[in-house]
Amino acid sequence: GIDPRAIGLVLLPLFHTGGMNGSVLPLLAIGATVVLRKRWDPADVLRTIETERVSGMVGVPIQFQMMAEEARFDHTDFSSVAALISGGGPLSDAVSARYLDKGLRFTQGYGLTEAAPGVTGMLPEEFQAHPGSVGRQCLHVDTQVVDAKGQSRAADEEGEIRVRGPNVM
């Protein structure tokens, strides 16, 4: 859902697959703008969202939590932001609610370095309808949940997640 007019703020380190493959490369591939900061500072991120008119960012839950805890959060102009993507762990309902109160919605997914990084993802409306879910498998990725004997389990049952696709090492 992004186009060359997008302005992505990179919150994740570039040595990590989420920073490079999940943030920078997709934006560069379509000719969008990439905004990099020298270091992580939640107050600086909030200022940058306003000054650069950021349209989206990928982060981990603690980053979004720290931004929401900043004093300037309530006064930040988020009108340019169309996409907030959280990964690396579950986003709490309390943090999600802080952003939802400002009219912002999250997407969430599951990935790993060995999958470069995408395995599953969801749309904002799916995130709200299915809290705790990581969505559906990405294009060209097959997923399966199995028990200790390798037998298939239902998606809502505990087990090992198996991932297969051309992006998987």
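Which residue's side chain meets that of R53 in a salt bridge? The notes below start there. The model is predicted.

1. **R53 and D77.** The partner is D77, whose side chain meets that of R53 with 3.3 Å from N to O. R53 counts as partly exposed because its relative accessibility is 36%. D77 also has 36% relative accessibility, so D77 counts as partly exposed.

2. **R136 and E126.** A salt bridge joins R136 to E126, and the closest N and O atoms are 2.2 Å apart. R136 belongs to strand 7 (residues 136-137), while E126 belongs to helix 5 (residues 124-129), so the contact ties together parts that are 10 residues apart in sequence. R136 is exposed, at a relative accessible area of 52%. E126 is buried, at 18%. The cut-off for buried is under 20% relative accessible area, and the one for exposed is over 50%.

3. **R39 and D41.** Here the closest N and O atoms of the salt bridge are 3.7 Å apart. R39 counts as exposed because its relative accessibility is 60%.

4. **Salt bridges overall.** The pairs above are among the 11 salt bridges found in a search of the whole structure. As background, side chains of opposite charge can pair when their charged atoms come close.

5. **Strand 4 with strand 5.** Strand 4 and strand 5 (residues 106-111) run parallel and are joined by 3 bridges. Between the two strands, the chain passes through helix 4 (residues 93-100). This β-α-β crossover is right-handed.

6. **Strand 5 with strand 6.** Strand 5 pairs with strand 6 (residues 118-121) in the antiparallel sense, over 3 bridges. Y110 stands opposite T120 of strand 6. The two strands form a hairpin, with 6 residues between them.

7. **The hairpin turn.** Which residue in the turn between strand 5 and strand 6 has a positive phi? A116 does, at about 60°.

8. **Strand 5 in context.** Strand 5 has parallel pairing with strand 4 and antiparallel pairing with strand 6. When viewing the side chains, recall that in a regular strand they alternate between the two faces of the sheet.

Notes
Residues are numbered from 1 along each chain as its sequence is written. This is a predicted model: local features need pLDDT of at least 70, side-chain atom pairs count only at pLDDT 80 or more; totals for chains, interfaces and linings use all residues. Side-chain values use heavy atoms; hydrogens and water are left out. A salt bridge is a side-chain nitrogen of Lys or Arg within 4 Å of a carboxyl oxygen of Asp or Glu. Buried means under 20% relative accessible area, exposed over 50%, partly exposed in between (1.4 Å probe, protein chains only). Helices (H or I, at least four residues) and strands (E, at least two) are DSSP runs, numbered from the N terminus. Two strands pair if DSSP finds at least two bridges between them. A crossover is right-handed if, with the strands pointing away from the viewer, the path from the first strand over the helix to the second runs clockwise.
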